[in-house]
Amino acid sequence: MSHHDTHHRSYTLPDPDTQAEFYQDVTFKRLLAWFIDTAVIFVICVLVLPFTAFTGILFFGALLFVFGFAYRVVTITTGSATWGMRLMSLQMRQSNGARFDLGAAFLHTLGFTISVAFPILQIISIVLMLTTDRKQGLTDLVMGSVMINRAARY
């Protein structure tokens, strides 16, 4: 795919040069959202422990993985953002500018999960978020998606 095709494909996404406010502070806000989401997932898993007769303690990492994956897919599908992202006024958009649907939410969560599983990929993703025009991580670049500041509602 040539550069022209890629640029044409994302024509409805905010332009980082003329609409820079959509990408301002996104990387830092994304980090804060990640901490919020991680805390929410941890609390959900702790609340689930009694229902496992506390045997969940033995596989708590697996609980975090399963509930974290489900939490991200469900919240991104329903609002194009996790609860942490919503608190930070962030929203994810697909390459055509549309909000995320179930398929896109699943693919992005899968990419995020793979990046977390391999620290080198997570480091590459963070470097990309800090250096690319649209503040895109590795999964975003592969999918053509972006994280933007949600437009204020008047």
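Met-92 is found in strand E1 (residues 90-93). Helices (H or I, at least four residues) and strands (E, at least two) are DSSP runs, numbered from the N terminus. This is a predicted model, in which local features need pLDDT of at least 70 and side-chain atom pairs count only at pLDDT 80 or more, while totals for chains, interfaces and linings use all residues. Residues are numbered from 1 along each chain as its sequence is written, and side-chain values use heavy atoms, with hydrogens and water left out.

Is Met-92 buried or exposed? Met-92 is buried, at a relative accessible area of 1%. Buried means under 20% relative accessible area, exposed over 50%, and partly exposed in between (1.4 Å probe, protein chains only). Contact means heavy atoms within 4.5 Å. With neighbours within four places in sequence left aside, Met-92 is in contact with Ile-76, Ser-80, Met-85, Arg-99, Phe-100, His-108, Val-146 and Met-147. Met-92 and Asp-140 are 48 residues apart along the chain, and their C-alpha atoms are separated by 9.4 Å.

Ser-80, one of the contacts of Met-92, sits in the loop between helix H3 (60-79) and helix H4 (83-87). Its phi is near 55 degrees, a positive value in a residue other than glycine. Ser-80 counts as buried, at 1% relative accessibility. Thr-82 lies in the loop between H3 and H4. Thr-82 is buried, with a relative accessible area of 0%. Not counting residues up to four places away in sequence, Thr-82 touches Asp-37, Tyr-71, Arg-72, Thr-75 and Ile-76.

Ala-98 has its place in the loop between E1 and H5. Ala-98 is partly exposed, at 31% relative accessible area. Ala-70 and Ile-36 are 34 residues apart in sequence and 16 Å apart in space, C-alpha to C-alpha.

**Helix H2**

How far apart are the end C-alpha atoms of helix H2? They are 32 Å apart, which agrees with the 33 Å that the 23 residues of H2 (residues 26-48) should span at 1.5 Å a residue. The expected span is 1.5 Å times one less than the number of residues. Buried residues of H2 are Val-26, Thr-27, Lys-29, Arg-30, Ala-33, Asp-37, Ile-41, Cys-45 and Val-48. An α-helix has 3.6 residues a turn, so residues three or four places apart point the same way. Asp-25 is found in the loop between helix H1 (3-9) and H2. Phi of Asp-25 is near 60 degrees, a positive value in a residue other than glycine.

**Helix packing**

Axes are lines fitted to C-alpha atoms, for helices over the stretch in contact, and angles run from 0 to 180 degrees between N-to-C directions.

| Pair | Angle | Axes |
|---|---|---|
| H2 and H3 | roughly 120 degrees | within 9 Å |
| H3 and H5 | about 140 degrees | 8 Å apart |
| H5 and H6 | about 115 degrees | 5 Å apart |

The axes of H2 and H3 cross at roughly 120 degrees. That makes H2 oblique to H3. Angles under 35 degrees count as roughly parallel, over 145 as roughly antiparallel, 65 to 115 as roughly perpendicular and the rest as oblique. H2 passes H3 in a right-handed crossing. A crossing is right-handed if the near helix is turned clockwise from the far one by less than a right angle, and left-handed if anticlockwise. On the H2 side, the contact includes Trp-34, Asp-37, Ile-41 and Cys-45; on the H3 side, Phe-60, Leu-64, Tyr-71 and Arg-72 are among the residues. By class, this contact of H2 with H3 has 13 nonpolar, one polar and two charged residues. Ala, Val, Leu, Ile, Met, Phe, Trp, Tyr, Cys and Pro count as nonpolar, Asp, Glu, Lys and Arg as charged, and the others, Gly among them, as polar.

H3 also passes H5 in a right-handed crossing. Phe-65, Phe-69, Arg-72, Val-73, Ile-76 and Thr-77 in H3 meet Leu-102, Ala-105, Phe-106, Thr-109, Leu-110, Phe-112 and Thr-113 in H5. The contact of H3 with H5 has nine nonpolar, three polar and one charged residues.

Helix H5 (residues 102-117) packs against helix H6 (residues 119-131). The two are therefore roughly perpendicular to each other. Ile-114, Ser-115, Val-116 and Ala-117 in H5 meet Pro-119, Leu-121 and Gln-122 in H6. This contact of H5 with H6 divides into five nonpolar, two polar and no charged residues.
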